[in-house]
Amino acid sequence: MIFLNKAQLKAIRIADRVYSKLKVKAGMTEKEVARQITFLLRQYKSRPSFRILVGSGKRSAIPHCFAAGKKIKRGELVVIDFGAVYNGYRSDMTRTVIVGKPSKRQKKIYSIVKKAQAIGIKAVNAGRPCCEVDRKVRDYIRQKGFGKYFVHTTGHGIGRRVHQAPKISRGNNHKLKLGMVITIEPGIYIKGWGGVRIEDMVLVTKKGCKVLTKS
């Protein structure tokens, strides 16, 4: 269990700044994107808070896809998951981008994930069981016909470790506490096609939560 402090807030701001400077272009490899992130983190005297994930095209359907030598093509989804470390505290964010013009199906699935995340963020508040937040997110994705493609938990606590209590999952009845820092990160992963995930860090408050990642 972790509560927000200045070091973690700095780690979050660094990750946001790095993402704002990140360039993803057709012809680049996934590893080149990951190396660029590492280079930018060093400019802020930071380092990756975990092994950077970059998955493009069909590989974006792998939830934890380590960057490989695959070249990114126009029209492909690219899932980028990384964070920064500052004074031992970590941040974690995921963005899904597309190189070029998105197809109707890509737009549709991205919109479903974005709406599901918004529902999850709205459900967060002190005193609410973690399983309820997960259920609201999962129910929406299921209603849209993609339930079987959401294959991981809705989120997790983060502090000195990337994954720590509380787990925002179906089986966790523990209640969120004021000041906790958690992620909300729904995703849809379709083998042979691609995937979308959007992840933000939020601070649990009395009346809801505050989104900490601003990118």
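**Figure 1. Val54 and its bridge partner in strand 2.** Val54 is paired with Ile80, its bridge partner in strand 2. The model shown here and in the other views is predicted. Strand 1 covers residues 53–56 and strand 2 covers residues 77–82; the two run antiparallel and are joined by four bridges. Strand 1 is covered on both of its faces. Leu53 and Gly55 are buried on one side, and Val54 and Ser56 are buried on the other.

Figure 2. Gly195 belongs to strand 10, which spans residues 194–197. Its relative accessible area is 0%, so Gly195 is buried. Leaving aside residues up to four places away in sequence, Gly195 touches Ser60, Ala61, Leu77, Val79, Thr96, Ile188 and Tyr189. Gly145 lies 50 residues from Gly195 along the chain, and the C-alpha atoms of these two glycines are separated by 15 Å.

**Figure 3. The salt bridge between Arg95 and Asp200.** Side chains of opposite charge can pair when their charged atoms come close. Between Arg95 and Asp200, the closest N and O atoms are 2.7 Å apart, and the two residues form a salt bridge. Arg95 counts as buried because its relative accessibility is 9%, under the 20% limit for buried residues. Asp200, with a relative accessible area of 7%, is buried as well.

Figure 4. The side chains of Arg197 and Glu185 meet in a salt bridge, with an N to O distance of 3.9 Å. This pair links distant parts of the chain, twelve residues apart: Arg197 is in strand 10, while Glu185 is in the loop between strand 8 (181–184) and strand 9 (187–190). Arg197 is buried, at a relative accessible area of 3%. Glu185 is also buried, at 9%. A network of salt bridges links Asp81, Glu185 and Arg197.

**Figure 5. The salt bridge between Glu132 and Arg128.** Glu132 and Arg128 form a salt bridge in which the closest N and O atoms are 3.3 Å apart. Glu132 has a relative accessible area of 26% and is partly exposed. Arg128, at 22% relative accessibility, counts as partly exposed too. The whole structure contains nine salt bridges.

Technical notes. Residues numbered from 1 in each chain as written. Predicted model: local features only at pLDDT ≥ 70, side-chain atom pairs only at ≥ 80, totals over all residues. Heavy atoms only, no water. Buried < 20%, exposed > 50% of the residue type's maximum accessible area, 1.4 Å probe, protein only. Contact = heavy atoms within 4.5 Å. Pairing = 2+ DSSP bridges. Salt bridge = Lys/Arg side-chain N within 4 Å of Asp/Glu carboxyl O.
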